[in-house]
Amino acid sequence: QVQLVESGGGLVQAGGSLRLSCAASGSISSIGNMGWFRQAPGKERELVATITGDYRPNYADSVKGRFIISRDGAKNTVYLEMNSLKPGDTAVYYCNAFIRTRSSARPYWGQGTQVTVSS
């Protein structure tokens with residue numbers, strides 16, 4: 001059984017920083033793209049950043065220059081370093097990963113971690 005477990009959310013003042021982590025575990029053969037999405041109250045879930053299996057990042061325009069996505073292949077973990085945080089970044093952040101096992105190949109989601117930025 002595959003699981004994605006996130007950590008690192010919390011409350012921070014505007015201008016501050018947080019680092020999110022998401023570790024995949026289970027009977028994993030390989031992991032393709034990994035990424036972070038977020039959903040604010042009353043809004044649809046939106047892409048924040050993704051990183052390919054060969055470590056190429058992609059960012060939403062709203063976070064370019066402030067957020068950095070990275071991954072550790074040996075640990076099956078993806079990170080999101082968030083700097084210069086704004087109140088508009090407040091949301092539940094979800095980890096996503098395309099994971100191959102012996103019997104399937106599909107995207108998985110983490111349970112979400114709350115990020116709150118106060119003004």
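Modeller: Threonine 50 counts as buried, because its relative accessibility is 19%; the labels are buried under 20% relative accessible area, exposed over 50% and partly exposed in between, with a 1.4 Å probe and protein chains only. Before going further: this is a predicted model, where local features need pLDDT of at least 70 and side-chain atom pairs count only at pLDDT 80 or more, while totals for chains, interfaces and linings use all residues. Residues are numbered from 1 along each chain as its sequence is written, and side-chain values use heavy atoms, with hydrogens and water left out.

Back to threonine 50, which sits in strand 5. Strands here are DSSP runs of E with at least two residues, helices are runs of H or I with at least four, and both are numbered from the N terminus. Setting aside neighbours within four places in sequence, threonine 50 is in contact with Met34, Gly35, Arg56, Pro57, Asn58 and Ile69, contact meaning heavy atoms within 4.5 Å.

The loop between strand 5 and strand 6 (57–59) holds tyrosine 55. Tyrosine 55 is not a glycine, yet has a positive phi of about 70°. With 43% relative accessibility, this tyrosine counts as partly exposed. Serine 84 is another non-glycine residue with a positive phi, near 50°, and it belongs to the loop between strand 8 and strand 9. Its relative accessible area is 42%, so serine 84 is partly exposed.

Now for the core. The largest nonpolar core has 31 residues, and Trp36, Leu80, Met82 and Tyr93 touch the most other members. Such a core is a set of buried Ala, Val, Leu, Ile, Met, Phe, Trp, Tyr and Cys residues joined through side-chain atoms within 4.5 Å. Several strands each supply at least two residues of this core, among them strand 3 (18–25), strand 4 (30–39), strand 5 (46–51) and strand 8 (77–82). Strand 9 gives the largest share, 5 residues. As for Met82, its contacts include Gly16, Leu18, Leu20, Phe67, Tyr93 and Val115, not counting residues up to four places away in sequence.

Over in the loop between strand 9 and strand 10 (105–109) you'll find serine 104. Its relative accessibility is 25%, so serine 104 counts as partly exposed. Serine 104 is 30 residues from alanine 74 in sequence and 21 Å from it in space, C-alpha to C-alpha.

Zooming out, the protein chain has 0 helices and 11 strands. Its radius of gyration is 14 Å, close to the 14 Å that the globule rule gives for 119 residues, so the chain is as compact as a globular protein of that length. That radius is taken over C-alpha atoms, and the rule is 2.2 Å times the number of residues to the power 0.38. The C-alpha trace spans about 45 × 25 × 20 Å along its principal axes. Of the 119 residues, 43% count as buried. Among contacts between residues at least 6 apart in sequence, 55% join residues at least 24 apart.

Last, the charges: the mean positions of the 13 positive and 8 negative ones are 4 Å apart. Lys and Arg count as positive, Asp and Glu as negative, with His and the chain ends not counted; each charge is placed at NZ of Lys, CZ of Arg, CG of Asp or CD of Glu.
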